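Me: I would like to go through the ring contacts in this model. Could you take me through them one at a time?
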Amino acid sequence: FSWNGLIMYMHVYVRKRRALVRLYLDCGRIVFGDVRYDESLSGDLFKRGKPSWWFYNFNCLGLSKNEYADVVYTSEFGAVTKMVRTYQPFYRERVAILVLDGYPKSGLPKRDIEIDVASQDSSHLFAITAISIFWLFFTLFGAIVVIMAMDEIDGANSADGWEIFAYVVGFSFPVSFLSNYIRYLHYKQWLLESGKFDSELPSSDDNASNYHAA
């Protein structure tokens, strides 16, 4: 089940996420805005008031060290403030922001996207997938050998083993696919729709003023 989950993760979530990020470079239009980085808040989404994202973000479990910042820019519908992952953890002003047509809240710093795309290595994806497939078949073969040997053990019934084997194999593939696809849809929604317009921000929020127009 674990190896199957890893294969689905690499070929469902990772591939689709990479394609979505590359779409910014291919189709995004440039506006200008600020990247507001606060080191005291960067890795803690609870302090940022974003607890609803904890179940897919490993930062909240201390398993990853992703850096986050607030990007502020002006779209055709008004000023937008949005939390984004950043590869350049420092305050930046008047930087290029890429926005996808039809998604005014989708802005991401152009330089961060370029760094993300440059770090994507297809050979690593292939190697991890090949290793996972090998161990997937190895564990399946091992389970089959054990089940076939159950009839030789007193009190054991291979029919029960085959039934459990069928349940595990039958459920693992759709569950792994659906969980990774749902994770991708969640990530896509966060990337494209998680920003807030000026009018949607609390009046006490410091980010509700001092925007830079495109």
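Me: How many aromatic pairs does the structure hold?
Reply: This is a predicted model, and it holds 11 aromatic pairs. One of them joins Y9 and Y13, whose rings are stacked at 5.5 Å centre to centre with 20° between the planes.

Me: Where do Y9 and Y13 lie?
Reply: Both belong to helix α1, which covers residues 2-27. They are 4 residues apart, about one turn of the helix.

Me: And is Y13 buried or exposed?
Reply: Y13 is buried, because its relative accessible area of 6% falls under the 20% cut-off. Y9 is partly exposed, with a relative accessible area of 27%.

Me: What about the pair of Y167 and F171, stacked or tilted?
Reply: The pair is stacked, because the planes meet at 20° and planes under 30 degrees apart count as stacked. The ring centres of Y167 and F171 are 6.3 Å apart.

Me: Which helix holds Y167 and F171?
Reply: Both lie in helix α4, residues 158-193, and 4 residues separate them, about one turn of the helix. F171 is exposed, with a relative accessible area of 51%.

Me: Back to Y9 and Y13. Which cluster do ring pairs link them into?
Reply: The cluster consists of Y9, Y13, Y68, Y187 and W190.

Me: Changing topic to charges: which residue lies over the face of Y13?
Reply: R183 does, at 4.5 Å from the ring centre of Y13. In another such arrangement, R92 lies over the face of F90, at 5.5 Å from the ring centre.

How values were computed. Residues are numbered from 1 along each chain as its sequence is written. This is a predicted model: local features need pLDDT of at least 70, side-chain atom pairs count only at pLDDT 80 or more; totals for chains, interfaces and linings use all residues. Side-chain values use heavy atoms; hydrogens and water are left out. Rings of Phe, Tyr and Trp (its six-membered ring) pair if their centres lie within 6.5 Å; planes under 30 degrees apart count as stacked, over 60 as edge-to-face and the rest as tilted. Helices (H or I, at least four residues) and strands (E, at least two) are DSSP runs, numbered from the N terminus. Buried means under 20% relative accessible area, exposed over 50%, partly exposed in between (1.4 Å probe, protein chains only). A charge sits over a ring if NZ of Lys or CZ of Arg is within 6 Å of the ring centre and within 35 degrees of the ring normal.
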